[in-house]
Amino acid sequence: TARISWAPKGSGLPVETKNYNYNYLCSDLRVKAMMPIHCQCKARTLEEFGDLLKHDAEEFILVVQGRVEVHTEFYGPRTLDVGDGVYIDSRMGHAYLNVGEGDAWIVSVNLNH
């Protein structure tokens, strides 16, 4: 009941994929209800991204750098700027694209079902 895990700048477990550079925060806690992630969005088009992702969770993202276009299976795309966020059911197909001039980074918090 008194767990704590710090996430100092630059910490976390890095994982690189085709579309994202993930940095899993607070990775010293192996069993947790939420998964906080600092994530770089790399793909710039849906064609480059490929199939939309789906997983058994809910997630909130907040743009912390750049511009991110959110694509989902059932809704039209929407562009988010720094400070904008969205909460989605992750079982719906989704993709986060970098649509700005420089890098695009989000903080994502996933809650597994």
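Rings of Phe, Tyr and Trp (for Trp, the six-membered ring) pair if their centres lie within 6.5 Å; planes under 30 degrees apart count as stacked, over 60 as edge-to-face and the rest as tilted. By that rule the structure holds 4 aromatic pairs. Please keep in mind that this is a predicted model, where local features need pLDDT of at least 70, side-chain atom pairs count only at pLDDT 80 or more, and totals for chains, interfaces and linings use all residues. Residues are numbered from 1 along each chain as its sequence is written, and side-chain values use heavy atoms, leaving out hydrogens and water.

**Aromatic rings**
- The rings of Y20 and Y22 have centres 5.4 Å apart and planes at 50 degrees, so this pair is tilted.
- Ring pairs link Y20, Y22, Y24, F49 and Y96 into a cluster.
- Y20 is buried (under 20% relative accessible area, where over 50% is exposed and values in between are partly exposed, with a 1.4 Å probe and protein chains only), at a relative accessible area of 3%.
- Y22 is buried too, with a relative accessible area of 18%.

**The sheet**
- Strands here are DSSP runs of E with at least two residues, numbered from the N terminus, and two of them pair if DSSP finds at least two bridges between them.
- An open sheet is formed by 6 strands in the order β1-β2-β3-β9-β4-β7, with antiparallel pairing.
- β1 (13-16) and β7 (85-89) stand at the edges with a single partner strand each, so one side of each lacks a neighbour in the sheet.
- From one strand to the next, the twist averages 25 degrees, using axes fitted as lines to C-alpha atoms and angles from 0 to 180 degrees between N-to-C directions.
- β1 and β2 form a hairpin with 3 residues between them, and 4 bridges join these antiparallel strands.
- L13 has Y24 in β2 as its bridge partner, while V15 has Y22.

**The nonpolar core**
- A nonpolar core is a set of buried Ala, Val, Leu, Ile, Met, Phe, Trp, Tyr and Cys residues joined through side-chain atoms within 4.5 Å.
- The largest such core has 19 residues, of which Y20, C41, V68, Y96 and I106 touch the most other members.
- Strands that each supply at least two residues of this core include β2 (20-24), β3 (34-41) and β9 (104-112).
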